[in-house]
Amino acid sequence: VKPPQTMSRRLFLRGASGVAIALPFLESLAPRTARAADPTPRRFVAFMTHNGVDMARFRPTAMGAITPATLAGTALAPLSDWASSMIVPRGIHTTPPGYTSATPGDEHHKGMGHRLTCAPLDPSTLFATGVSVDQVIAQAKNPAGAPPLTLNVGPHVDGVYAHSSYLGAGQPVTGENNPWLAYQDLMGLAGLDDAQIARITARRESVLDLLEGEFGGLSAKLSTADKAKLDMHLTSIRDLELDMAGTLVPCLLDAKRAAELEALDPTTVAYDENYGKIGRMQMDLVALALACGSTAVATLQWENSVGGPIFGWDGMAHQYSHHKLSHGNTADDNSGSIVAGYLDMVHEIDTWYAGELAYLLGKLAAYTETDGTLLDACAVAWLHDMSDGFTHSYLDMPHVLVGSCGGYLQAGRHVQVSSGNPAGQSDAGHNKLFTTIMNGLGMQADDGGPVTTFGDPLHCDPGELDALKA
Amino acid sequence: VVAALAERPEPGRGAERHTPRTRSAHPYDVVFSKWALALRGLASLRCKAVRCQVSFHLRARSVSIASLFFLGIDGGCYAGLPGSTADGGAPEASSDDAAHDDAADESGDSDGDDGSDGEPQDCDGEATAVAMPGIVRLTHVQYDHSVQDLFGLDVQPSAAFLPDPAVAGFDNNAEALAVGDRLGRDYRRAAEEIAGVVVAEPGVLADLLPCAPDEGDVACAESFVVDFGRRVFRRPLTETEAARYVALFSAADGLYETGTPFEQGIRVVLEAMLQSPSFLWRVELSSDTTEGDLAPLDGYEIATRLSYLLWGSTPDEELLDAAEAGELDDPTGIETHARRLLADERAKATVRDFHDQWLQLDRYEDLQKDSAAFPHWDPATGLAAQEETRRFVERVVFEEGGGYADLLSSSSSVVNADLAAIYGLTGEFDDAFVPVELDPAARAGLLTQVGFLASHAFGQQTSPIHRGVFVHRQILCTVIPDPPGDIDTSLPPLEGEIHTTRDAVEAHTSPQACAGCHGLINEPGFAFEGYDAIGAVRTKDNGWPLDTKGSIQLDDAVVEFDDAVGLAHAIADSEDARRCYLVNWYRYANMRQETADDACTLEELHETLDAADYDVQELLVAMTQTTTFRFRKAGEP
């Protein structure tokens with residue numbers, strides 16, 4: 001993988017404010033040549049849900065072509081309009097593996113921590129010991145090394161159960177769960193006139209100049225450990241100069257939608273009753289961020305592993321949280337009775353998430369680009385923490401892909417990832433899903449050839465999933 | 001085989017502010033999940049066993065090394081029970097344990113960062129200071145209070161911040177507080193918004209200014225930078241610093257669309273000050289160690305420690321003036337100001353924040369109960385119970401000048417109609433909270449209040465194990481390890497010979513392997529069987545008579561009790577319990593875990609407080625008199 005594009009961040013800001021601004025903010029610094037060569041950049045979205053699924057009714061009812069008929073009655077039925085854009089791969093297991101492996105953590109820990117990193121967990125913190133694929137993609141593909149969009153729906157929780165994205169070993173990134181805050185980052189200075197941009201840029205630069213003086217003065221008096229802490233702080237505010245401003249079009253929602261985001265009460269964004277509403281706002285932002293070119297990669301994490309919510313909307317009137325239902329027990333200690341019909345409830349939840357994914361796909365497809373829609377340029381991956389929630393299985397993961405990633409993937413198929421094995425047999429680590437997607441995005445290995453590896457080499461065989469490719 | 005499963009742990013402390021009211025995550029999930037800790041292997045159990053010895057005051061209360069070793073070898077209390085493996089050979093991860101860090105921390109064991117490494121040690125020498133970081137970030141609560149006090153604005157900017165990390169049960173651990181991820185962005189956003197409000201809201205800026213701007217903009221701005229900068233930085237600005245801000249002010253015209261040049265200048269100055277490391281970090285650089293390895297903190301550093309300890313907020317002008325005048329250079333002066341601060345309304349916030357965290361009052365929120373069994377319970381009842389406990393503590397500490405024993409034994413409380421019904425009080429009640437006297441034969445202090453009892457129970461049934469674990473871990477500082485992960489935590493059903501919850505717990509924990517822990521846990525838990533799952537008094541369980549008798553080891557003696565009231569009074573009189581309360585305060589007040597070097601300080605504090613009936617206000621004053629409060633130790637923590 002190529003090292004991230006480097007650029008003096010200071011220069012970046014000065015460039016933005018120093019030129020006679022006749023272009024949208026930052027356009028002067030956008031990698032124009034890349035754009036010219038790649039008029040429709042390809043993108044990756046991870047849509048992540050938890051606690052496994054009801055495997056018996058999740059996937060298309062037949063292998064081969066996916067059609068509304070093969071989706072009927074399954075959890076994926078709400079995606080019928082996208083049948084020809086979907087790939088349902090069979091025979092992918094999470095790696096490092098689950099309970100057969102001696103690597104640290106329980107199944108939920110592993111399901112979360114391994115999912116985007118393909119790296120084992122640290123035995124003491126249980127955080128993953130590797131960088132996540134969204135960060136790797138962002139470094140390679142985003143303008144000026146801008147970070148990936150990292151969004152959550154639901155509460156902020158400490159620990160590995162609540163984190164998907166990792167800057168590196170032991171460095172989880174907490175997804176933003178407040179759409180208004182996420183939007184402000186995304187919007188940057190879009191929509192402002194040149195004079196406004198110049199003012200904001202000038203005052204932030206003035207403030208930062210002063211602060212850098214203060215940080216420097218203080219740092220000189222500190223011990224090594226304190227200095228490191230202060231350096232981390234200064235680095236994080238320098239990074240603010242890299243607001244995720246758009247490079248293609250302004251990152252702006254329509255005014256009505258923006259007002260709805262602004263009206264959110266920050267203290268209630270994590271409430272169950274707002275789950276669906278916040279989720280859709282976050283999906284609007286995912287689509288916007290990809291469309292406006294502020295990032296080539298976004299992750300949307302719904303709740304947390306071992307989490308809720310209690311689904312009490314859209315025809316569901318559950319009394320127990322998603323995780324409880326995944327084990328079908330009324331009591332928190334599993335000492336109660338089996339919840340009658342719990343699998344039906346899990347199936348309702350699976351189906352609901354499929355409907356939300358359909359909403360996201362609709363948003364992506366609504367953006368038209370040079371070579372088709374934004375969705376055509378995407379690989380959207382619905383990724384789970386486990387397959388069967390009751391048994392915490394990591395085998396035959398029920399991942400779903402949508403979009404051909406600019407034609408790299410052959411969509412519309414329910415396909416075994418490797419021939420010669422009966423359907424459902426686990427035979428490929430999910431790291432290969434990511435190498436395939438990274439190549440779909442046009443990334444390269446250090447030698448200039450295709451990407452062949454991702455994740456911890458001890459647990460990740462090299463190669464792609466050829467069966468997914470066009 | 002039904003998989004042994006813990007239910008979802010609740011979010012970490014900071015996140016709990018955002019916890020939806022409609023969640024199913026019952027507060028006892030937290031406790032439960034701790035019982036279902038991930039299987040972390042013999043090594044971690046051994047590690048805990050070693051840690052058990054570290055703190056002088058805890059040593060007597062620890063599970064013996066031998067029993068822990070046995071647990072580790074044998075797979076723990078639950079080894080060998082049906083269901084400990086499940087699902088066709090797939091060992092069921094019974095360890096849904098996002099709270100594992102928290103759990104471990106509560107057992108006095110955090111992952112090597114609690115500073116309590118070292119040999120077991122009693123006080124042997126003099127009280128000394130323990131090294132602290134030279135910079136400690138404001139907690140979000142401290143940030144909010146500081147902004148409120150600096151500007152007189154009723155705002156809570158941290159509602160939109162990434163939450164503070166919780167360590168060892170408290171969210172103010174100096175080592176753990178950092179600025180990473182998106183917090184720098186959060187600070188910038190808050191600074192820009194606050195500065196905008198200050199200049200836009202009529203009167204707010206005028207109240208801050210030491211002068212009228214028409215006296216000459218720059219001169220007025222200079223005096224503002226010097227005066228207000230001293231408030232924000234909690235010390236006078238250096239000339240260089242002041243000059244930077246004045247220069248920023250002077251170059252500000254045109255940086256904003258609106259406002260006079262003066263207002264624009266003030267606005268950008270405030271944006272910068274609120275992002276300054278001198279505001280966001282509590283900085284302690286005193287390093288004059290001419291007398292040994294201890295450097296006395298300067299007056300401003302003392303003022304900052306005092307106000308953040310006693311108010312959770314920034315020093316007021318009077319305290320800064322006292323610092324400037326050298327009044328805080330000796331213990332007497334510090335005591336004078338400590339008492340002044342304690343007399344202020346703001347001190348209540350700190351006392352409340354400590355007890356909220358120590359007693360884990362957030363568990364009282366979002367409490368759901370079985371609606372058939374408890375038709376009048378709704379989540380608002382849990383919030384009322386939380387309010388009751390807060391008001392009870394405040395009344396004991398500030399109105400009655402009470403001490404630790406009162407917290408654990410007083411039969412007075414403050415209730416509304418919901419709670420009065422549960423307590424069986426007759427009379428007219430409504431939504432308002434009013435002081436009441438409860439039946440002293442039925443109620444004694446915090447542990448017999450609705451909140452604790454209801455939050456340490458299931459939806460229908462009580463949970464003696466959760467109640468017993470809380471008593472040990474939170475009240476007595478007993479180090480009880482989490483059990484291994486591969487356990488079945490299901491209690492047997494109430495049928496056959498098993499009549500009551502007590503029977504079920506005894507049967508479930510009867511294997512020899514359980515005895516090491518459950519020999520400690522169960523009986524104090526059974527004491528509370530006289531209260532149902534919402535904390536109302538009951539006389540029968542499942543139609544069978546109750547047995548609330550038991551014994552507990554306190555102060556190296558076995559104390560028998562008849563019921564929870566008896567247990568509570570025994571605890572109220574116990575030195576172990578007083579020391580545990582002190583140690584919790586000590587962690588909170590010093591923003592760190594205690595170490596072996598704190599042994600003498602703790603011993604001296606304990607003696608001082610025993611002589612003062614463990615009066616809580618005296619406890620706070622005493623904290624400000626210690627060497628570790630007044631001095632910096634050379635070297636890194």
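## Arg189(B) at the chain boundary

Arg189(B) sits in helix 7 (residues 183–200) of chain B. Helices here are DSSP runs of H or I with at least four residues, strands are E runs of at least two, and both are numbered from the N terminus. This is a predicted model, in which local features need pLDDT of at least 70, side-chain atom pairs count only at pLDDT 80 or more, and totals for chains, interfaces and linings use all residues. Residues are numbered from 1 along each chain as its sequence is written, chains are lettered from A and ligands numbered from 1 in the order in which they are written, and side-chain values use heavy atoms, with hydrogens and water left out.

Is Arg189(B) buried or exposed? Arg189(B) counts as buried, because its relative accessibility is 13%. Buried means under 20% relative accessible area, exposed means over 50%, and partly exposed falls in between (1.4 Å probe, protein chains only). Setting aside residues up to four places away in sequence, Arg189(B) touches Leu181(A), Gln184(A) and Asp185(A). Contact means heavy atoms within 4.5 Å.

## Chain B overall

Chain B holds 28 helices and 10 strands. Of its 637 residues, 64% count as buried. Take the contacts in chain B between residues at least 6 apart in sequence: 72% of them join residues at least 24 apart.

Helix 16 of chain B covers residues 347–358. Its 12 residues should span 16 Å at 1.5 Å a residue, and the end C-alpha atoms are 17 Å apart, which agrees. The expected span is 1.5 Å times one less than the number of residues. Nine of the 12 residues are buried, so helix 16 of chain B is largely enclosed by the rest of the structure. Among the buried residues are Phe354(B), His355(B) and Trp358(B), along with Asp353(B) and Asp356(B). Gln360(B) follows helix 16 of chain B and has a positive phi, near 55 degrees.

Helix 17 of chain B runs over residues 379–399. Its 21 residues should span 30 Å, and the end C-alpha atoms lie 29 Å apart, which agrees. Asp378(B) caps the N-terminal end of helix 17 of chain B. A side-chain oxygen of Asp378(B) lies 2.6 Å from the backbone nitrogen of Ala380(B). Just after helix 17 of chain B, Gly401(B) takes a positive phi of about 55 degrees.

## Two helix pairs in chain B

Helix 13 (residues 299–310) and helix 14 (residues 317–324) of chain B have axes that come within 8 Å and cross at roughly 150 degrees. That makes helix 13 of chain B roughly antiparallel to helix 14 of chain B. Axes are lines fitted to C-alpha atoms, for helices over the stretch in contact, and angles run from 0 to 180 degrees between N-to-C directions. Angles under 35 degrees count as roughly parallel, over 145 as roughly antiparallel, 65 to 115 as roughly perpendicular, and the rest as oblique. The crossing of helix 13 and helix 14 of chain B is right-handed. A crossing is right-handed if the near helix is turned clockwise from the far one by less than a right angle, and left-handed if anticlockwise. Residues of helix 13 of chain B, including Tyr300(B) and Leu306(B), meet residues of helix 14 of chain B, including Leu319(B) and Leu320(B).

Helix 25 (residues 575–590) and helix 27 (residues 616–623) of chain B pack at about 50 degrees, with axes 11 Å apart. That makes helix 25 of chain B oblique to helix 27 of chain B. This crossing of helix 25 and helix 27 of chain B is also right-handed. Helix 25 of chain B contributes Tyr581(B), Leu582(B), Trp585(B), Tyr586(B) and Ala589(B) to the contact. Helix 27 of chain B contributes Val616(B), Leu619(B), Leu620(B) and Met623(B).

## Two buried side chains in chain A

His384(A) lies in strand 11 (residues 378–384) of chain A. Its relative accessible area is 1%, so His384(A) is buried. The side chain of His384(A) makes a polar contact of 3.4 Å with the side chain of Thr49(A). A polar contact is a pair of N or O atoms within 3.5 Å; within protein, one must be able to donate a hydrogen and the other to accept it, and residues adjacent in sequence count only if both atoms are side-chain atoms. The backbone oxygen of Pro398(A) lies 3.2 Å from a polar atom of the His384(A) side chain. His384(A) and Leu116(A) are 268 residues apart in sequence, yet 10 Å apart in space, C-alpha to C-alpha.

Glu464(A) is placed in the segment after helix 13 (431–440) of chain A. Glu464(A) counts as buried, because its relative accessibility is 17%. Its side chain makes polar contacts with the side chains of Asn439(A) at 3.2 Å and Lys469(A) at 2.9 Å.
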